[in-house]
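Let's look at a pair of helices and a few residues together. Here is the model to keep in view as we go.

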Amino acid sequence: MPGKRSISKLPLMCGFQSPTDKSCSLLVSEQTGCLSIMQNLFTKPRILASSICLVWGSFFSSIVSAETESTTPQETTTIASEATSAKNVILIIGDGMDDHQITIARNYLAGVNGRLSLDTMARRSIAQVLTVSNMEPDMPVYVADSANSATSIATGTVTSRGRISTTAGSDEDLRTIVEMASEAGIKTGLVSTASVTDATVAAFYAHISLRVCENPSMMRDALLFDRIPIDCSPDMKENGGLGSISEQLVSSNLNLALGGGTKHFSPIMEGKDVSVAVGAEAAGFQVLRTIEDLNSASLETRWLGLFAPSTMPIRLQGEGGRSAESPLPSFMNRVHWSQGDVTLPEPTTCEENPEFAGTPSLKLMTDRALDQLSHNNTNGFFLMIESASIDKQSHLRNACGSIGEVAQLEEALQSALGFANKNPETLIIVTADHGQAAQLVPTESLFDAFGLPVYTPGQVMRIRTPEGALMTVNYATNSFLSEEHTGVSVPVLTNSTGPFPTMLTQPDLFDIMTDHLGLAD
């Protein structure tokens with residue numbers, strides 16, 4: 001059984017790079033927690049995990065996702081999923097996919113009068129996102145990160161930001177739905193467009209006090225972004241921990257994990273002389289690196305798909321790589337807000353990202369996961385599917401990137417619905433882990449009628465939609481290099497035709513899923 005570990009010896013310093021350093025864009029927090037660290041850095045003898053600057057968040061992995069290891073542009077889908085009467089759960093998480101993100105994507109992908117597959121689900125609810133302080137676990141925190149919100153869904157327990165399936169303050173390991181299902185003989189799988197060690201995915205199989213501990217090289221005397229000291233040594237095996245996140249995946253009972261993250265499986269495993277990838281093969285995983293590997297993988301083996309160094313490339317981008325830009329006020333407007341005028345960024349269109357070609361789509365990974373998990377299986381399965389870069393691109397103020405990743409989620413949902421039509425005991429739940437910064441705002445301000453040069457204090461992306469209209473997306477949670485999460489409730493959509501709460505909390509999702517699989521105590 002997972003053990004307990006103290007985090008009282010887990011120091012982490014938060015520093016900032018020069019604003020002129022391009023890599024400074026990597027050093028931004030998923031929450032405003034980084035500011036509280038800096039304010040308290042010299043007044044506290046040690047910094048607990050809930051107070052850390054979560055700089056290893058989604059903005060970083062989205063930036064480094066440009067490189068891909070797959071060179072084969074062909075993608076085929078083998079839909080051979082076997083119909084059974086077993087009970088299954090397919091959980092689809094759109095990271096950061098609040099109603100703003102869905103509406104923006106709907107407008108672009110289907111038109112203002114159109115409908116997405118998301119809109120056809122039988123039931124719609126909302127989930128309150130719950131977070132607590134690590135230093136005062138009874139104290140609520142109103143904005144989450146992916147680590148603690150995914151932990152709520154995966155374990156049914158509310159924890160603090162940055163934690164992967166461990167309790168706030170006491171650092172006790174929390175039993176996940178994946179572990180419960182595996183123990184009951186139910187197959188389990190995880191699919192993501194992020195690294196398979198990223199926070200949302202990791203919360204379903206790993207237990208660690210700090211989400212940045214993704215591989216053995218990050219566990220002791222490590223520097224995040226070559227300058228921020230981190231220390232994950234309390235979670236090392238030699239200290240009674242379970243090791244880094246990638247090592248915990250290797251030791252898990254997962255039947256499959258598909259996504260990015262090659263770089264987290266190249267370091268040498270703790271106490272051994274082989275890489276984590278070699279350790280995965282020794283543990284029985286077939287390591288897949290290309291579309292051909294995925295299409296030809298044996299349904300009888302366990303799969304570890306590593307299709308990119310970190311986050312997988314996004315499908316869509318702004319024209320010429322453009323993202324949101326700041327309005328430019330005239331000199332007179334700078335003198336007085338009511339005078340002069342303001343120039344808004346030129347409209348853009350969304351275009352295909354050339355780096356997306358040759359990597360498996362979320363749909364292909366979903367289809368193959370369904371093939372493998374349903375093969376010769378009468379006990380059912382649990383499958384979590386994440387479209388990760390809805391969030392990651394919103395951090396980077398790239399509305400086109402987020403739209404493309406909602407499109408990927410749509411395709412994965414269509415595959416899940418097709419499977420459920422043949423396997424009626426399959427429960428599908430679509431939700432988000434937290435809200436994000438993107439706001440759909442007027443292209444022409446209502447105050448224009450008064451002759452006032454009103455404009456956003458943030459940055460906007462003005463997108464020409466296929467309908468020929470302009471859609472304006474605003475980002476204004478801060479003035480730094482990466483946007484913040486928001487504390488809004490998130491949508492919950494399901495194919496269940498039975499009674500379903502109209503309002504719930506994220507831990508309630510855990511109860512609903514475990515009950516469907518017969519895992520509830």
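Buried means under 20% relative accessible area, exposed over 50% and partly exposed in between, with a 1.4 Å probe and protein chains only. This is a predicted model, where local features need pLDDT of at least 70, side-chain atom pairs count only at pLDDT 80 or more, and totals for chains, interfaces and linings use all residues. Residues are numbered from 1 along each chain as its sequence is written, and side-chain values use heavy atoms, with hydrogens and water left out.

Q: Which residue has its backbone nitrogen 2.8 Å from a polar atom of the side chain of Q408?
A: Q408 touches T193, R315, F356, S361 and L362, leaving out residues up to four places away in sequence; contact means heavy atoms within 4.5 Å. The backbone nitrogen lying 2.8 Å from a polar atom of the Q408 side chain belongs to L362.

Q: Is D221 buried or exposed?
A: D221 sits in the loop between α6 (199-202) and β6 (222-224). Although not a glycine, D221 has a positive phi of about 50 degrees. With a relative accessible area of 72%, D221 is exposed.

Q: Is R397 buried or exposed?
A: R397 is found in the loop between α12 (389-395) and α13. R397 is not a glycine, yet has a positive phi of about 60 degrees. Its relative accessible area is 6%, so R397 is buried.

Methods:
A polar contact is a pair of N or O atoms within 3.5 Å; within protein, one must be able to donate a hydrogen and the other to accept it, and residues adjacent in sequence count only if both atoms are side-chain atoms. Helices (H or I, at least four residues) and strands (E, at least two) are DSSP runs, numbered from the N terminus.
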